[in-house]
Amino acid sequence: MKLYKKEGNIVQILSFPNETVEKGDYLLVEDADARKALIVQVIDVQFASIPGILEELLRSLPNGGELIQGEDFDPLEIAPHITYIQDATLLICKIRATVENESLSPNSSWLPSRSQSTIRKLPIPTLLKLAKVNEQLPIVLGGTKESSLLTIDASSLDGRLNIITGKKETGKSHLSKLLMLNLIGYKATVVVFDLNGEYLSLGMTADGKRNAHHDKIHVLTPSQNFRVALKQPNLHVLLGILIHALHLPGTSAREFRRIWQSLKERDMLNMRELGEAIRNWHCNQHVRDALFSRYYALANSGFFTDETAETMLLEERLFKAKEQGGAIIINLRNTSSIDRQIVVEYVLGKLVELLTSWKLKAVFLFAEEAHLYLRETYWDDIVTRMRHLGIYATFITNQPDTIRENIYRQADNIFLFNFTNEHDLEVVSRAARVDAETVKSIARDLPQHHCLALGKVVKDFPMVVKVKALDVKTMGETRLFFKGAC
Amino acid sequence: MDTTLPQRFIELSLYSLKTVQNQTFQLNQQTFQQTNSLELHPHDFQLKLKPILLKAKREETIVAAVDTSSMKIGETSTGILIAVRSATVWKQNKRYKYMRLGPFIFHITEENKREVYNTLQKAYFNSPQEHTYQGMPNLVQMPTRIANLLERWLQTMLSKTLSSSLILFDGSLTSGTGDTPTQLMKEILTIAKKRNNRILAFSKMTNLRVNGHLITEVLPLHEPPYLLETTGFKPKSPIVLLGEVYVAKLTQGNYAFRLDIDKEVSPEQKVEAVERLLANDLLLQSYPETLRLAHILCTFTANEVIAMQHFSARKHGLRIVNRPDMHRLLFGPFGRGESNS
């Protein structure tokens with residue numbers, strides 16, 4: 001390989017057919033005299049612009065588009081040299097760092113010698129070592145192309161905002177499960193908003209037996225094993241549900257507050273008494289109607305109950321998870337849009353309450369297709385205020401444009417699966433931790449189950465990894481009409 | 001088939017390269033254009049403007065053509081590195097086929113040029129016809145000379161192996177030049193005639209003029225295909241013209257070419273040969289496709305030049321250096337470069 005050109009932080013390297021380099025590979029451009037080396041990553045592989053190549057190709061097809069038949073008597077065997085030159089490739093590489101005295105710096109202000117530099121592939125394990133990617137709490141994401149393991153440190157997810165995105169059926173949920181199980185393995189508390197019931201069987205192996213995580217997976221299905229009594233949430237949480245999920249106007253919300261306090265003072269906070277109180281409350285008829293419609297929405301959700309025996313204390317599960325590590329899976333499958341928002345408002349409100357009072361240390365929140373249940377104002381809340389409280393979110397989506405640009409800008413880690421759509425790539429490329437060229441060029445060619453890890457987990461050295469398989473029962477498979485029919 | 005000449009080419013190529021191991025060489029992509037500056041345009045030279053009308057003669061005939069290319073691919077401290085390649089193309093059963101020989105790479109120095117050239121000539125002529133040092137082509141002429149030797153040998157082979165076919169030459173049927181002895185050209189034509197082959201020599205460029213105009217530009221307003229006959233062309237000694245010179249306008253468009261056909265063939269046979277060409281080869285811009293393919297296949301592309309330089313560097317340890325271009329060095333942007341001077 002030979003250094004050809006440098007423009008900005010892009011270097012072009014000429015590579016020959018016997019040197020197998022692919023997109024995503026890292027190269028070390030060493031200048032022995034300068035005692036420095038550049039770490040560059042291949043973001044595109046192009047044909048080298050060889051003079052005369054057009055003539056060469058045209059010459060091979062002169063007979064009306066058919067290959068002209070003939071023999072070549074090439075005694076000096078120059079043909080292999082011609083092929084060698086013709087097949088030369090140009091590697092478009094992004095400068096990632098400079099190595100000097102075995103330490104890395106993001107400096108790309110120097111130029112290695114074009115004639116004297118040596119260029120070689122930089123194995124991922126060596127790069128991880130150079131980048132000092134800690135492995136105190138290792139999470140093996142999977143294998144790299146060189147068959148080495150890509151191990152990240154769980155602490156690089158701690159206190160971070162993560163995004164897992166890619167088009168359908170590329171393995172996003174699989175990766176989120178892998179991260180989640182590893183986190184609970186390190187006694188972390190994880191809450192999952194499971195939109196499609198994909199996480200329900202994480203405690204089971206593929207053949208249906210209990211696995212090591214079985215006792216740490218707590219599945220809560222609203223209206224079934226997850227119901228709450230009206231007195232469990234505090235007024236703030238309930239008002240959140242009424243205002244944000246059920247769009248209760250401000251005037252009505254004020255009346256509700258009075259009704260609530262009245263019932264609380266009389267220790268009569270339950271659904272039946274709430275209904276009676278609204279009926280008998282002295283207020284404007286429109287306000288009453290507004291309160292009644294919300295009351296029925298709450299009652300019909302089946303999430304609230306007056307039967308204390310049926311209530312399930314979210315806190316209990318969270319405290320249990322706090323001790324041993326565990327995941328609370330909020331099963332939102334078969335839940336209507338309004339009910340989903342009620343449940344999510346309740347869970348998030350409860351988490352904030354527990355975290356504020358330091359009853360919980362921190363929670364890793366995994367939210368699949370969060371735009372379907374997370375209200376607009378929560379996005380900013382989660383990435384700013386809630387992060388300080390200890391809610392560390394991981395958003396999983398196949399529609400990257402449903403996550404706002406400012407979320408991408410603040411994301412600490414992005415796990416990017418394949419996208420072919422320009423628009424999708426454009427959205428993801430707005431992330432602050434990576435350049436647009438890398439995202440667009442590498443993500444487009446990622447095979448299934450391969451992801452491009454970006455951000456702090458890989459110390460800002462984008463790396464392609466084939467996500468390792470999990471021995472858990474999969475639940476997220478698409479139901480097929482023709483499956484088994486043939 | 002006689003393979004003496006290519007064998008000698010290989011031997012000499014390898015031998016000459018051995019002598020240049022581990023030297024440095026200067027790249028040079030200048031190509032040597034074959035020029036024919038020996039043609040004259042005497043006063044009694046005339047072009048008959050009455051066209052000989054042609055009609056495609058549908059008689060299955062093999063059309064074959066030969067072309068060679070030579071190129072200087074670099075310089076060493078003692079000489080030059082040259083590459084030579086030939087292509088023979090023939091059209092048979094409506095399909096074009098080709099046979100390429102080379103590239104052969106030679107390291108030619110003042111010391112070895114005589115040996116190389118004489119050895120090749122000897123292999124070709126089968127008789128000692130050694131040049132004295134004074135009669136030798138200079139280094140700059142060597143690529144063309146060696147390529148011509150190969151071209152003439154291939155033309156001879158085609159004349160010997162084909163029968164009742166059309167053989168297309170690139171250039172004219174003039175002889176008596178350093179690289180085309182009259183005797184040799186006569187032999188080729190005689191062999192061809194014996195085997196009932198017809199040789200048609202197309203010149204891409206000509207200097208022949210009538211009344212100051214190039215013969216290929218003085219064309220009557222008539223529908224092609226046709227030939228225009230010339231008379232009175234007598235080149236000065238030692239140049240000998242072994243063919244009759246025609247202007248061939250074979251298709252619509254602005255192009256016409258000088259066409260030489262063996263003098264010893266009757267006028268009817270000459271016309272018939274061109275008519276068979278019309279029926280058996282594809283003609284675009286008045287030029288036969290077989291000859292065009294031969295040219296295309298033997299021409300060196302820039303990519304191949306790089307490959308040959310790579311070969312020389314890898315196999316023979318030649319180190320590539322860029323010697324400064326004195327024009328550029330002295331005159332900066334006003335220097336056009338030595339190769340263009």
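Analyst: Some ground rules. This is a predicted model, in which local features need pLDDT of at least 70, side-chain atom pairs count only at pLDDT 80 or more, and totals for chains, interfaces and linings use all residues. Residues are numbered from 1 along each chain as its sequence is written, while chains are lettered from A and ligands numbered from 1 in the order in which they are written.

User: What is the mean pLDDT of chain B?

Analyst: pLDDT is the predictor's confidence in each residue, from 0 to 100. For chain B the mean is 82, and 83% of its residues reach 70 or more. The model as a whole scores ipTM 0.77 and pTM 0.74.

User: Where in chain B does pLDDT stay under 50?

Analyst: Over residues 29-39 of chain B. Where pLDDT is low, the predicted coordinates should not be read in detail. The model has 21 contacts beyond four places in sequence for residues 29-39 of chain B, a contact being two residues whose C-beta atoms, placed from the backbone, lie within 7 Å.

User: How many residues does each chain give to the contact?

Analyst: Chain A gives 23 residues and chain B gives 25. On the chain A side, the elements with two or more residues there are α1 (53-59), β5 (69-73) and α2 (79-86). Helices (H or I, at least four residues) and strands (E, at least two) are DSSP runs, numbered from the N terminus. By class, the chain A side that touches chain B has twelve nonpolar, six polar and five charged residues. Nonpolar means Ala, Val, Leu, Ile, Met, Phe, Trp, Tyr, Cys and Pro; charged means Asp, Glu, Lys and Arg; the others, Gly among them, are polar.

User: Which strand of chain B is joined to β5(A) by bridges?

Analyst: Two strands pair if DSSP finds at least two bridges between them. Here five bridges join β5(A) to β6 (residues 95-109) of chain B, and the two run parallel. Asp72(A) stands opposite Arg100(B) in β6(B). Another cis bond, omega about 5 degrees, joins Pro224(B) and Pro225(B); Pro225(B) lies in the loop between β11 (213-214) and β12 (226-231) of chain B.

User: How do I read a helix such as α10(A): is it mostly covered or mostly open?

Analyst: An α-helix has 3.6 residues a turn, so residues three or four places apart point the same way. α10 (residues 337-356) of chain A has 20 residues and reaches 28 Å from first C-alpha to last, close to the 28 Å expected at 1.5 Å a residue; the expected span is 1.5 Å times one less than the number of residues. α10(A) is mostly covered, with 14 of its 20 residues buried. A residue is buried with 20 or more other C-beta atoms within 10 Å of its own, exposed with 12 or fewer, and partly exposed in between, with C-beta atoms placed from the backbone. After α10(A) comes Trp358(A), with a positive phi near 60 degrees.

User: Is Asp267(A) buried or exposed?

Analyst: Asp267(A) is exposed, because 9 other C-beta atoms lie within 10 Å. Its phi is positive, near 55 degrees, in a residue other than glycine, and Asp267(A) is found in the loop between α6 (250-265) and α7 (271-280) of chain A.
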